[in-house]
Each structure stands twice: as C-alpha cells, then as structure tokens.
Amino acid sequence: MKKIITTLLAGAALLASCSQDKEYVIYGTVCNPDLEGAQVFLVPVENATKETIDSVYIHNQMFEFRGTEEKMADIRIERFKRYGNENLLVVTEPGETFVTIGQVSSGRGTPQNDSLQVWKNLTMQYFQQSGSLRKQGMKDEADALRDSYASRTRQMVSNVGKESTLGKFLDSRFPEGSR
C-alpha cells in the first residue's frame, strides 16, 4: 500500500511540474500610484472575446497574470484610467515575464518578450525618425528608412523562428515579398 501511495504521489508531482513548465507568469508593476485598485486586462491580439480576456486588479502598484496558452496579448489598464499609460504587447510564453506599465511601457524576461521589446524600441525609433523626415519633405529618405525597418523586422522573424508566436506576429507585419 505504501508503494502505491508513493507512486501516486510521485506521479502527481511529476504532472504538476510538467504543467508548471508550460505556465506563463506575468509580473506587472505600474508607475502611477493613482492606479491602485484599477483593473488590468490581458487581451488576446486575435479572437478576443469576453471568455478569452483575463483581468486582475492592481494592488500595491502590482498585478499578476498566470496561464498556459501561448499567444500574443495586449496588457491595458481599464478604459477610464488608461490615459497616460501605454498598452503593452506581450507573448504569454512559458516562464516569467516582468512588465512595467506607464507612459512608456516595457517587458522582459522570456526569449520572445525580450525580442519583442527590441522590436518595440526599433519601431518607436523608426516612427520618430520617419515622422521627422516626412515633416522635412524628405519622402525618399523616409521610404528608404521604412524599407530598412521592414528588412530588420523580417530578419527578426528569421532570428526568433517563423513558427514561433512572435515570429508569426512580426511576419504578419511585413510578409516576405511585401514592399
């Protein structure tokens, strides 16, 4: 009887450890203390429904999401408290992701989220430079910058893997063969 119980406990522990290996945990902080008690949403980028949107409340300027389904998602503060806080794209991949929501939001911790943050920084830089060039009437230079940005995004798809969650998302932005 002891052997059966020991075997069952060992099996249960093994199953628990396997499911934890596939679990994502997003540890979030907010910069604005006025957001205490506000709701934070984790919204799938594709096929968002009431059933697929997760939400938690901010407590001590922190929040946490847990789950097992890998997807692209958007973290956003509830509608009437969102002003001045940037939404943040994340990949809900296994592991621990650390996010900060504020005027400029950021995420890090897992391979795809680290790469996503690099792409976000690249994107912000591109929009600033492109806007400046276009204001100066430098359309050809802005178009060349766009081509360079698209090329770097496609290179990131190759680096992270075209079949990864992030790879599919980035590939949809500039599919191979697009201008």
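Visitor: Which residues lie nearest the centre of the second largest pocket?

Guide: Leu88, Leu89, Leu116, Trp119 and Lys120 do, among the 13 residues of its lining. A pocket is an open set of points on a 1 Å grid over the protein atoms alone, with protein on both sides within 12 Å along at least five of seven lines, and a lining residue has an atom within 4 Å of a point. This is a predicted model: local features need pLDDT of at least 70, side-chain atom pairs need 80 or more, and totals for chains, interfaces and linings use all residues. Residues are numbered from 1 along each chain, and side-chain values use heavy atoms, without hydrogens or water.

Visitor: What supplies the largest share of that lining?

Guide: Helix α2, with 7 residues; a helix is a DSSP run of H or I, at least four residues, and a strand a run of E, at least two.

Visitor: What makes Gln39 and Ser55 a polar contact?

Guide: Their side chains are joined at 3.0 Å. The limit for a pair of N or O atoms is 3.5 Å, with one able to donate a hydrogen and the other to accept it, so this pair qualifies.

Visitor: Which other residues does Gln39 touch?

Guide: Leaving out residues up to four places away in sequence, Gln39 also touches Val56, Tyr57, Arg76, Ile77 and Glu78, where contact means heavy atoms within 4.5 Å.

Terms used. On a 1 Å grid over the protein atoms alone, a cavity is a set of points where a 1.4 Å probe fits but cannot get out, and a pocket is an open set with protein on both sides within 12 Å along at least five of seven lines; lining residues have an atom within 4 Å of a point.
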